[in-house]
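This report walks through selected local features of one protein model. Keep the sequence and the 3D view open while reading.

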Amino acid sequence: MFESLIARPTDAIIALMEMAKADTNPNKIDLGVGVYKTADGATPIMRAVKQAEGLYLTEEITKSYVSTIGNAEFRTSMLDLIFGTDYAPLTEGRIASAQATGGSGALRLGAELVMSSGKNPTVWVPTPTWANHTPLIGSVGLTIKQYPYYNSDTLGVDFDDMLACLKDEAKAGDVIVLHGCCHNPTGADLSKAQWDRLAPVLRDNELIPFVDLAYFGLGHGIEEDTYGLRLVGEICPEVLMAASCSKNFALYKERVGLVAAITTSPDQAKLVQSQFGALQRRLTSMPPDHGAALVARILGDAALRQVWTEELDEMRERMQTLRKSLSDALRVQGAEAMAAAILNQNGMFSTLPLSLEQTQALREKHSVYVMNSGRMNIAGANATNIPRLAEAILAVL
Ligand code: LMR
């Protein structure tokens, strides 16, 4: 049987992560995979997580199974965090949710739910989008198409083209994947005014938003980063959401995520919730509990929550400072547009306007690791390496 299999290439993000790890140059600059790093290049466990873990170790009394939809406290506290406790669909019992194995597991469960509807809609993703969106969502058998999003000349969102495509080409019932904040890979987000224009277009054309919320808290803050999701949830009758705790709780390897669906009635929410449970059972039976229990512990404890909020603020502010420093260092003749874009974009990523040859040269001549697409993770930079990074970028341009 195995001889009929073909070797598959490693995913580009994972391949770059491995390449950077293997580089022995002590001055290498790894701007690849989307993990947060401190000034000394470490990805530490957050203080709130460490403290919650200590408490949890003594409090935990069983390793018995939890549920196919995961930890109830986690789901409730995450929904409150993401939507706010007085959010109408939440207080009216119209939101179904399930804990998932990371943000990717949440996307998968959402895609499985769409597939289970039997309606076979097209799923639209932005151009460009996270490299794993199409393989992950497509693997359930859904057709994927792309809508225009990022303009690599203006280094900003092509909002008019995006709206035109959604109005003219997407069909009623189609699913529209939107990055709630910190667009991966470009960092170019919709403004509040753009969300305000987009939401009625989605509603009027009977399109179903599927909001990917992998980086919330790391753009402008929890409230600001969930603005678009909350808005479409108020305006559109049905919305899907996939959230991740990988970045904002730095729980990457623990695989903590949440899928949610805003529905039109409590009965519909119950039905969707039963689907999430059955789908998860079929896929992996149950999500792992440890990381979700820590998140529930942090969000349910005022003191721990305060520690976490401060750390999240520190992470976000540090990335904003790095953006400013890199932008300043790149503000030379010919690179002004790139410098301005880096400053205005949000979260971990920006996509530098570099060709494949230029990104290869960055790796081979300067030990600077960005994706072939030009995507860089700003958190991999620091005050010491930014002058060298800027020099390397300008040298390959
Ligand atoms: C990334 O885009 O680098 C992260 O979301 C990590 C991953 O799994 O791709």
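## A cis proline in a loop

Proline 128 sits in the loop between strand S3 (122-127) and helix H6 (133-138). Helices (H or I, at least four residues) and strands (E, at least two) are DSSP runs, numbered from the N terminus. The peptide bond from threonine 127 to proline 128 is cis, and its omega is near -5°.

This is a predicted model: local features need pLDDT of at least 70, side-chain atom pairs count only at pLDDT 80 or more, and totals for chains, interfaces and linings use all residues. Residues are numbered from 1 along each chain as its sequence is written, and side-chain values use heavy atoms, with hydrogens and water left out.

## Positive phi angles

Glutamate 206 is not a glycine, yet has a positive phi of about 55°. Its place is the loop between helix H8 (192-204) and strand S8 (208-213). Glutamate 206 counts as exposed because its relative accessibility is 55%. Buried means under 20% relative accessible area, exposed over 50%, and partly exposed in between (1.4 Å probe, protein chains only).

Serine 367 is another residue other than glycine with a positive phi, near 55°. The loop between helix H15 (356-366) and strand S12 (368-369) holds serine 367. Is serine 367 buried or exposed? Serine 367 counts as buried, at 8% relative accessibility.

## The ligand site

Which residues surround the ligand? They are Ile13, Val33, Gly34, Trp130, Asn184, Tyr215, Lys247 and Arg375. A residue is near a molecule if one of its heavy atoms lies within 4 Å of it. The shell divides into four nonpolar, two polar and two charged residues. In this scheme Ala, Val, Leu, Ile, Met, Phe, Trp, Tyr, Cys and Pro count as nonpolar, Asp, Glu, Lys and Arg as charged, and the others, Gly among them, as polar.

For glycine 34, a backbone N or O atom lies 2.7 Å from a ligand oxygen. For arginine 375, a side-chain N or O atom is 2.8 Å from a ligand oxygen. For lysine 247, the side-chain distance is 3.2 Å. On its own the ligand has 260 Å² of accessible area, and the protein covers 79% of that. Accessible areas come from the Shrake-Rupley method with a 1.4 Å probe.

## Salt bridges

The whole structure contains 13 salt bridges. A salt bridge is a side-chain nitrogen of Lys or Arg within 4 Å of a carboxyl oxygen of Asp or Glu. One of them joins glutamate 112 and arginine 282 (2.7 Å, N to O). This pair links distant parts of the chain: glutamate 112 is in helix H5 (residues 102-116), arginine 282 is in helix H11 (residues 266-283), and they are 170 residues apart. Glutamate 112 is buried at 6% relative accessibility, whereas arginine 282 is exposed at 58%.

Arginine 230 and glutamate 223 also meet in a salt bridge (3.7 Å, N to O). Arginine 230 is buried at 14%, and glutamate 223 is exposed at 54%. Salt bridges also link Glu59, Arg297 and Asp301 in a network.

## Cysteines

How many disulfides does the search of the whole structure find? It finds zero. A disulfide is a pair of cysteine sulfur atoms within 2.5 Å. For cysteine 182, the nearest cysteine sulfur is that of cysteine 181, 3.8 Å away. Cysteine 182 is buried, at 2% relative accessibility. For cysteine 245, the nearest cysteine sulfur, again that of cysteine 181, is 13 Å away. Cysteine 245 counts as buried, at 0%.

Definitions and conventions:
Polar contact = N/O pair within 3.5 Å; in protein donor to acceptor, adjacent residues only side chain to side chain.
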